[in-house]
Amino acid sequence: MAQSLPADPIATAQRQSLDLPEIRFSLLYWRATDAARNGREALLLHGLGGTAATQTPVGAALAERGWSVRALDLPGHGWTSWLTPEGVPVQDPESVEPARYRLDGLGRLLGDAIRALGLSRPPVLIGHSWGAGVAAAAVLEHAPLERAVLVEPPFLTADASRSVAEDLVSSLRPDTVSAAEHLVSQGMSVEDAQLAYAAEALTLASPLAIRSAATENAYGPERFLEWWRRSRPRARVDVIAGDPVAGGLVPAIARPALTMLLGRGRVHYMPGAGHTPQASHFNQYMELLARILR
């Protein structure tokens, strides 16, 4: 539990593990800055093709603001491993039953993980993209949490979801050098402090996990909204949405539905920001997040 990430311009984090009966979660932990400690807990969930390490800027910034922060490697990503009935890590991630990646099951699994962490108080879930879907599922499965923030939830049709998944699978690489070259070719700067983490993530993600996240949950936003209305969750949920023109996945047509579902003032838009506002508009994103969570 004492392995630290390589130093970056912001902070370092500790690698930890958490065993549940069917999975061994790997996670990163940022200790709250003592001078700013506020006693609150945050749990960060990455999107498809990401890892806990790709959440470093947000995790470190929250820790500097007094939060105790953890970020999970979600199933099929990073160093998290499914376990056999004997408690041994599954050696071939492509042999896992695809149904394990259904959102309802992942929501229950996340609730179990939160309980097992034994946090000082229920956490705020902050999920990006697929991680936002998992966070929303955790809300619907009554996970013990303070509230949730869904960043760019994948408000996609089934066909669009599968298309995004295939594009991402085509980006996976066998080693970090080729992964970094690919990311640079897609516009990521070679000077970006997060390039190494993003490249590593593309070498660790399971194609099965990515495809299953699309096919096992490919019922589109309408059924998800029905699920939400039936469950009537009590936890406060906010959405941060980018600009569809810049690549955001929450279309303008979805805004009224989200507002009716979550309540007025709980859907927040970042003009000019695409699908990863926490990367492209970091300072603006953190200011918005601070307003939502105060």
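Modeller: Happy to. Let's begin with Asp112, which counts as partly exposed because its relative accessibility is 38%. Keep in mind that this is a predicted model.

Colleague: Which side chain does Asp112 meet in a salt bridge?

Modeller: That would be Arg115, with an N to O distance of 3.4 Å. Arg115 is partly exposed too, its relative accessible area being 46%.

Colleague: And where do Arg115 and Asp112 lie?

Modeller: Both are in helix 2, residues 103-117, and they sit three residues apart, about one turn of the helix. An α-helix has 3.6 residues a turn, so residues three or four places apart point the same way.

Colleague: Which residues do salt bridges with shared partners join into one network?

Modeller: Arg40, Arg121 and Glu146 are joined that way.

Colleague: How many salt bridges turn up in the whole structure?

Modeller: The search finds 13. One of them links Glu41 and Arg70, at 3.1 Å from N to O. That pair ties together distant parts of the chain, as Glu41 is in strand 4 (residues 41-45) and Arg70 is in strand 5 (residues 68-72), 29 residues apart.

Colleague: Is Glu41 buried or exposed?

Modeller: Glu41 is buried, because its relative accessibility is 6%. Arg70 counts as buried as well, at 13%.

Colleague: What about Arg24, which residue does it form a salt bridge with?

Modeller: Asp19, and the closest N and O atoms are 2.7 Å apart. Here Arg24 is partly exposed at 29% relative accessibility, and Asp19 is partly exposed with a relative accessible area of 43%.

Colleague: OK, new topic: packing. Which residues touch the most other members in the largest nonpolar core?

Modeller: The core has 47 residues, and the ones with the most such neighbours are Phe25, Leu45, Leu110, Leu125, Trp130, Leu150 and Trp228. Helix 3, residues 130-140, contributes the most to this core, with nine residues. There is also a second, separate core of 29 residues, which includes Trp30, Ala61, Tyr197 and Ile240.

Colleague: Now helix 6. Which of its residues are buried?

Modeller: The buried ones are Leu195, Tyr197, Ala198, Ala199, Ala201 and Leu202. They pack against helix 1 (56-64), helix 4 and helix 5 (176-185).

Colleague: Why does Leu195 count as buried?

Modeller: Because its relative accessibility is 12%, and the cut-off for buried is under 20%. Leu195 belongs to helix 6, which covers residues 195-204. Setting aside neighbours within four places in sequence, Leu195 is in contact with Ala180, Leu183, Val184, Met188, Ser189 and Val190.

Colleague: How far apart are Leu195 and Gly248?

Modeller: Their C-alpha atoms are 21 Å apart in space, and 53 residues separate them in sequence.

Colleague: Last one: where is Ser161 found?

Modeller: Ser161 is in helix 4, residues 158-169. At 17% relative accessibility, Ser161 counts as buried. Apart from neighbours within four places in sequence, Ser161 is in contact with Leu156 and Ala214.

Colleague: Great, thanks for the tour!

Definitions and conventions: Residues numbered from 1 in each chain as written. Predicted model: local features only at pLDDT ≥ 70, side-chain atom pairs only at ≥ 80, totals over all residues. Heavy atoms only, no water. Core = buried A, V, L, I, M, F, W, Y, C linked by side-chain atoms within 4.5 Å. Buried < 20%, exposed > 50% of the residue type's maximum accessible area, 1.4 Å probe, protein only. Helix = DSSP H or I, 4+ residues; strand = E, 2+ residues; numbered from the N terminus. Contact = heavy atoms within 4.5 Å. Salt bridge = Lys/Arg side-chain N within 4 Å of Asp/Glu carboxyl O.
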